[in-house]
Amino acid sequence: MRVAIKGMSCQHCVSAVTKALEQLDGVKNVEVSLEKGEARFEEEKPVDRETVRKAVQDAGYEVGDFEE
């Protein structure tokens, strides 16, 4: 899954988003790109988009569009 992330400006931001997503049950192989402003990850089992959105928002960033 790919999700657009808004508000990242440095490697600390990348680390914060990566950590937030890695802590979600069912998420694996998280890759966050500062340049592309997105996060990509695989689902071991279905992960609710609102759960992903809340995790990223709680880390201090905005979530844009999701893409399977």
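**Close-up views of a predicted model**

Lysine 28 is partly exposed, at a relative accessible area of 33% (buried means under 20%, exposed over 50%, partly exposed in between; 1.4 Å probe, protein chains only). This is a predicted model: local features need pLDDT of at least 70, side-chain atom pairs count only at pLDDT 80 or more, and totals for chains, interfaces and linings use all residues. Residues are numbered from 1 along each chain as its sequence is written, and side-chain values use heavy atoms, with hydrogens and water left out.

**View 1. Lysine 28 and glutamate 42 form a salt bridge.**
The N to O distance is 3.8 Å (a salt bridge is a side-chain nitrogen of Lys or Arg within 4 Å of a carboxyl oxygen of Asp or Glu). Lysine 28 sits in strand E2 and glutamate 42 in strand E3, 14 residues apart, so the pair links distant parts of the chain. Helices (H or I, at least four residues) and strands (E, at least two) are DSSP runs, numbered from the N terminus. Glutamate 42 is partly exposed, at 40% relative accessibility.

Arginine 40 is partly exposed at 38%, whereas glutamate 38 is buried at 7% relative accessibility. The structure holds 8 salt bridges.

Arginine 49 is partly exposed at 33% relative accessibility. Glutamate 68 is exposed, with a relative accessible area of 66%.

**View 2. Four strands form an open sheet.**
The order is E2-E3-E1-E4, and the pairing is antiparallel (two strands pair if DSSP finds at least two bridges between them). E2 and E4 are the edge strands, each pairing on one side only. Neighbouring strands are turned by 20 degrees against each other on average, direction ignored. Axes are lines fitted to C-alpha atoms, for helices over the stretch in contact, and angles run from 0 to 180 degrees between N-to-C directions. E1 and E4 are joined by 4 bridges; lysine 6 has glutamate 62 in E4 as its bridge partner. H1 packs on the sheet and touches E1, E2 and E3 (contact means heavy atoms within 4.5 Å). The direction of H1 makes about 165 degrees with that of E2. H2 also packs on the sheet, at about 150 degrees to the direction of E4.

**View 3. E2 and E3 form a hairpin.**
There are 4 residues between the strands. Glycine 37 in the turn has a positive phi of about 65 degrees. E2 (residues 27-33) and E3 run antiparallel, joined by 5 bridges. Serine 33 has glutamate 38 in E3 as its bridge partner.

**View 4. Helix H2 has buried residues Val52, Ala55 and Val56.**
These buried residues fall within an arc of 95 degrees seen down the axis, so they line one face of H2 (the arc is that of the directions from the helix axis to the C-beta atoms). They pack against E1, H1, E3 and E4. Just after H2, glycine 60 takes a positive phi of about 105 degrees.
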